[in-house]
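Dear colleague,

My notes on what was found follow directly after it.

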Amino acid sequence: MTREQQKWYDKPVSKLILITIALSWMFPYVGFLISSFRPGESVKRTSWWSSIGNGQLFSELTLENYYEILFAENLSRSFFNSFAVSIPSTIIPITIAAFAAYAFAFIDFRGKEVAFIFVVGMMIIPLQMSLIPLLKLMKGGAILFGVTIIPELSLNGTFVAVWFAHTGFGLPLATFLLRDFMMSLPKSVVESAKIDGASHLTTFFKLVLPLSVAGIAAFATFQFLWVYNDFLVANVFMGIKPENLVVTSHVAQLTVGNYGEEWHLRTSGAVISMIVPLIVFFTLQRFFVRGLIGGSVKG
Amino acid sequence: MRKTLIGLLAVVALIAAACGGASLEGEEVLIFGAPATDGPDGKAIQAAMDEFSEETGIIVTYVGSENFEQEIQVQMESGDTPDIALWPQPGAVVDAAKRGMLTPLADLGIDIDEYKSNYSAYLVGLGEVDGVVYGGANAVNLKSIVWYQPAEFEKRGYAIPNTWDEMIALADQIVAEGMNPFCFGMYSNGATGWLATDWMEDIMLRTGGGTDTYDKWVNHEIPFNDPVVKNAATLLSQIMHTDNYVVGGTDAIVSTFFGDAQNPMFERDGNGNPGCFMHRQASFIVGFWPEAAQGGAGTETTVFPFPSIDASLPKAALGAGDMFGVFNDRDATAEVVKYMLSPDSFTAIATNKGGHGSTRISAHTGFDTSLYDKAITQVLAGVLNDALSANAFRFDASDLMPPEVGAGSFWKEMTNLAVEGPGYIDTALSNVENSWP
Amino acid sequence: MNKNNSTLADRLLIGGIRLLALGAFPLIWFLFQAILFRELTEVLSRTALIIVAILVGSTFIFLLYLGMNKLIDFAPKNHRESLYAGMFIGPALFMLSLFLFYPSIRTIYLSFRDRYGDSSVGFENYIWAFTDTEMKTTLRNQVLWLLFVVTMVVFLGLVIGWLADRLNRGEAFFKSIIFMPMAISAVGSSAIFKLIYAYRPPPSTQIGIINGLRVGSGKDIYGKQCGNNVIGSNGELIDYYREGCPNPVGWLQQRDLSNLPSFENINSSDTIMNLIVNFPINTFLLMIVMVWMSTGFAMVVFSAAIKAIPTEIIEAGQIDGAGEGKIFLSIVLPYIKSTIIVVSTYITVSVLKAFDIVYVTTRGDLETNLLAVKMLDEFSKYRQYGRSATVAVLIFVCVIPIIVINAVRAREETQT
């Protein structure tokens, strides 16, 4: 490469292209963010760009919407519900998957191939396929050939139903990814531990887990954001009782619900819902991107 | 490990023991319905229930959702049902009852004869399956009304139209004067089209054989592309598709959210003219008005009856309402149901306790209409009661038809009709006819 | 005790332990956690419940493994290896069977049943799926979404990824901007775009920027400037509801272009214009939301793949005098072909399952429906459980080949 030659992408025109793209990607947020700081009546009376134009915006900026949405509308409760849903829904599948991945990577046993094909096969099942029967399973249990396998549970509307639903949906991918990750670990480490007489459980906790932190973190970030941002599963399994709402279903209710076109609440509610993912995104960007790339085959 | 397990079991046992209790004090009852929790109707229901809670100690919570119809369906499958659901469609109550989801009111200790004597036979009949009463009539609203502003009419010397022809003449006059007579908006997330079906129903009640034909139409005893229905669609199309009849033009009908549709009536252009003069919409729409306008309901903005079309037919009123179904036979639930069926449950709603601003009207024939705080509600309740006792009240047809039609093809084809214009009438009606299950 | 007996006893013991570890123990654990939390929901206050849910809900799973480990200690040493395999893998297989496998089989079964699943209807639901007009629209939309979203995301992702990679300063910042929508929920993104597309009936102020700029841009028939109800310099209200001013458009309610002024008076015999006028603008606008959300992902993945190309290869191309475009087409593209396939797979699968965007913006009205929404509609709106299951199966059938192709490719790559 010759240094003297000015490359086209250093020319102002390509800079301009990139800036245009960046601005057009930023643009949708602008009006939304501004509207979330304006009083409800003004949002309906003056468009946000005219309010900048005539300077009205700067005199009317308010945090009132945020107070209202968080406390009067109780989005704060939905916010905590989201955590009570997302954290276990991340940890449970990862734990189960990590154990399974360990077995696939380091233990020889009969039927390993079949078991692995089963796990991978489950990856192609879109969640729509299992949604409704799973909903019924969480309610009335399962009866197979006249034998009650799962008794009547009436779980729907409790956190535990969503945890298990997300466990089911996240498990195949987690197992697959973690197995890949563990396979790439040096086999000798595990073997030497075995020679030292360490049990599988010890090897798993003391050796393999610490070495797999990067892989686990990547999937965890992905799964956490997936669950936190999920609307369908939460909506179906948690229902719409106000004390059960998670952030996404709350914001969805505000967005679909048209009572008086309350844009000031819609915007502030959605902005609050975006804070957590953005924090996760900016702090764990490295893991998140890895998780996404790995998660690109989630069925 | 075993110790942990036993310990956990003990905890569960303790918890189970703590749950048991005999007094109804502190019991919770959840009511789920369509009016949004924070909307006027939702607040009104909660206000009435709060009064009940103060007396009995049973804590009643009302939750409303715009997607009630779909969500209650999911809830019935998931088992996570509320104690009481307030359905806007009696057909859905019957359907749920047939599937064994609901408790008959008699099982809750309700005196059915007394209930029947307090409510109109027509409404009671809508909630019956094989003679067993499952649905409890609760609120009714009136749809056969047209909102207008008397001051604007007077200023221009317009008279209230009593017949369809008079309404068309008035509309033509308004157009000739360079303004738009009608507000008309029917967009509604997932339910676009219901406003047009309401118009159709109002016209059906006033043409052909009146209520008799209407009932046949609802029960599919006459085909959907019967000449009577076609005539109704043609009249509706006259409103939707005549140039300048609708503010914003025909294009605006489908685009405008039904809750925004009336806003042009409250706006004034440079010459002081309102965006529109007439808005045919049910009584509950007041809750969607701009806050400043809501206070003038019944005075500044009030209603005239939907004009008659065939003068030989008796007056009929189209309406809708809420009918509740009960999902369990808990004692606390039974108490709430008893309260809901008594006129007391509407006092807080009628008197605007806490300033909810709702225009909900009790279906109880013995309810004292003078209690209604708003003048407009008193008038509407009077009309409704007269219609109910004269058996001239009919429930919104799309809420009685099978869901494939009432919440499906009927809405959809009316939306298509609005977009496509009068040439589409035949196609629309035969499409609905073909979709009847 | 003689040796034979002890083997039999051992076998029974091992069999018992295996059964416990693989089937009964995960089941008991599942039921225990389920019932425990169901009861806790009843008795605990909300705050306590949330704390317990996070702390206990997340750690309860370890009880399962510790419990099984204790069980295995009862088994003779030489059998433990296979028992450990069972212990490590059993819960995963159990959960998958219960939460994915069994429900999916049931959905397939239901797709051949009637409304409430009471009796068999053969292939009736599948015939319905391809003949019903609403279903046909839904399928058409699904195809449009697949074609447009996948193409746009891959194209934009490649272009932006390529450009961003060559930035010398601010690359991370630039990438973050494009990537950010990926982190926020589809519900939030839909809300954002709903405001952009917002429509209010005239003469109300337009608060959506597209309609706002549109109505404010024209002049009425007297040549007077139209305005979005803004106050002019002389304190006079400038509105737009006058003859000649552009009307606002309900963008999400336009299933074709026929209501836009430039297409209003087209000749019906003009085939090309007829094709253009049937362009489903509302569906297109919803697809933009998805493109906005997903491009960041494609860009990051492509950019990583481009970075992995050895510089010598590109330099060799430059020495040969190839231009940027040529290098991109003949060196970069072939090099990252498999990455493109992976990204396309991901976008394809997520488009097939796209639910939130349509659900919170139009609910499928005015011909914007997609399969995932239709599936829930059939279930909850029309109470047609059989048809709902059929739609789910259709989504599944569409996903299979994509994943299989991808898996085969991945396998080939690891082998070569």
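The notes below take up chain C, then the domains of chain B, and then a pair of helices in chain A.

Please keep in mind that this is a predicted model, in which local features need pLDDT of at least 70 and side-chain atom pairs count only at pLDDT 80 or more, while totals for chains, interfaces and linings use all residues. Residues are numbered from 1 along each chain as its sequence is written, and chains are lettered from A and ligands numbered from 1 in the order in which they are written.

Chain C has 16 helices and two strands, where helices (H or I, at least four residues) and strands (E, at least two) are DSSP runs numbered from the N terminus. Its radius of gyration, taken over C-alpha atoms, is 30 Å, well over the 22 Å that the globule rule (2.2 Å times the number of residues to the power 0.38) gives for 416 residues, so chain C is more spread out than a compact globule. The C-alpha trace of chain C spans about 110 × 65 × 50 Å along its principal axes. Of its 416 residues, 49% count as buried, meaning that 20 or more other C-beta atoms, placed from the backbone, lie within 10 Å of the residue's own.

V249(C) is buried, with 24 other C-beta atoms within 10 Å, and, leaving aside residues up to four places away in sequence, it touches Y199(C), N211(C), Q254(C), N259(C) and L260(C); contact here requires C-beta atoms, placed from the backbone, within 7 Å.

Chain B is divided into domain 1 (26-142 + 319-394) and domain 2 (145-315 + 401-435), with bounds that come from an automatic or database domain assignment. The C-alpha centres of these two domains lie 27 Å apart, and their contact takes 16 residues from domain 1 and 17 residues from domain 2.

In chain A, the axes of helix α6 (residues 75-106) and helix α12 (residues 213-229) come within 9 Å and cross at roughly 145 degrees; axes are lines fitted to C-alpha atoms over the stretch in contact, and angles run from 0 to 180 degrees between N-to-C directions. The residues that make this contact include S82(A) and V85(A) of α6(A) and I216(A) and F219(A) of α12(A).

Definitions and conventions. Contact = placed C-beta atoms within 7 Å. Buried ≥ 20, exposed ≤ 12 C-beta atoms within 10 Å, placed from the backbone.
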